[in-house]
Amino acid sequence: CMTNDAITESCISFTIGHDLFAAGERYIHDVLEVGTITAMPHAPAFIRGVMNLRGAALPIVDSGIMFGLPVTMVTDDTS
C-alpha cells in the first residue's frame, strides 16, 4: 500500500464481488475465521448477525450487500 507521503507500509488485500481492495495494517485490528454467526432479528440486511469474540458480541457485516451484490457465501477462505 502507498500512503500520501509515498512511504510503503504492509497492507491486507480483499475482494468485494470482483473488485480488489487493500487496507493499511494500521486500520486492521484482527483477521478472523468466520465462526458461528447468531442472527439478529430486525437488523439491516447487511448485518449477518453477531459472533462471540473473547466474550464480546462482534457484528458481522456483509459489505457486498452494502454495494448491492448478492449475499457472500461463507467458505473455508472467508475471513
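Reader: Is D30 buried, partly exposed or exposed?

Author: This is a predicted model. The relative accessible area of D30 is 35%. Buried needs under 20% and exposed over 50%. So D30 counts as partly exposed.

Reader: Which residue forms a salt bridge with D30, and how far apart are the closest N and O atoms?

Author: The cut-off for a salt bridge is 4 Å. The closest N and O atoms of the pair are 3.1 Å apart. The partner of D30 is R54.

Reader: Which parts of the chain does that pair tie together, and how many residues apart are they in sequence?

Author: D30 lies in the loop between β2 (19-24) and β3. R54 lies in the loop between β3 (47-53) and β4. The pair therefore ties together two loops, and the separation in sequence is 24 residues.

Reader: Is R54 buried or exposed?

Author: R54 has a relative accessible area of 66%. The threshold for exposed is over 50%. R54 is therefore exposed.

Reader: How many salt bridges does a search of the whole structure find, and which side chain meets R48 in one?

Author: The search finds two salt bridges. One of them joins R48 to its partner at 3.1 Å, N to O. R48 is in strand β3, and the partner sits 14 residues away, in the loop between β4 and α1. That partner is D62.

Reader: Which backbone nitrogen does the side chain of D62 reach?

Author: D62 lies between β4 (56-61) and α1 (63-66). Its side chain reaches a backbone nitrogen at 3.1 Å. That nitrogen belongs to G64.

Reader: Which residues does D62 touch, not counting those up to four places away in sequence?

Author: R48, the salt-bridge partner, is one of them.

Reader: What pattern does the protein chain follow along the sequence?

Author: The protein chain has one helix and four strands. Read along the sequence, the pattern is β-β-β-β-α.

Reader: What is the radius of gyration of the protein chain?

Author: The C-alpha trace spans about 45 × 30 × 25 Å along its principal axes. Of the 79 residues, 16% count as buried. A compact globule of 79 residues would have a radius near 12 Å. The protein chain has 15 Å.

Definitions and conventions. Residues numbered from 1 in each chain as written. Predicted model: local features only at pLDDT ≥ 70, side-chain atom pairs only at ≥ 80, totals over all residues. Heavy atoms only, no water. Polar contact = N/O pair within 3.5 Å; in protein donor to acceptor, adjacent residues only side chain to side chain. Contact = heavy atoms within 4.5 Å. Rg over C-alpha atoms; globule rule 2.2 N^0.38 Å. Buried < 20%, exposed > 50% of the residue type's maximum accessible area, 1.4 Å probe, protein only.
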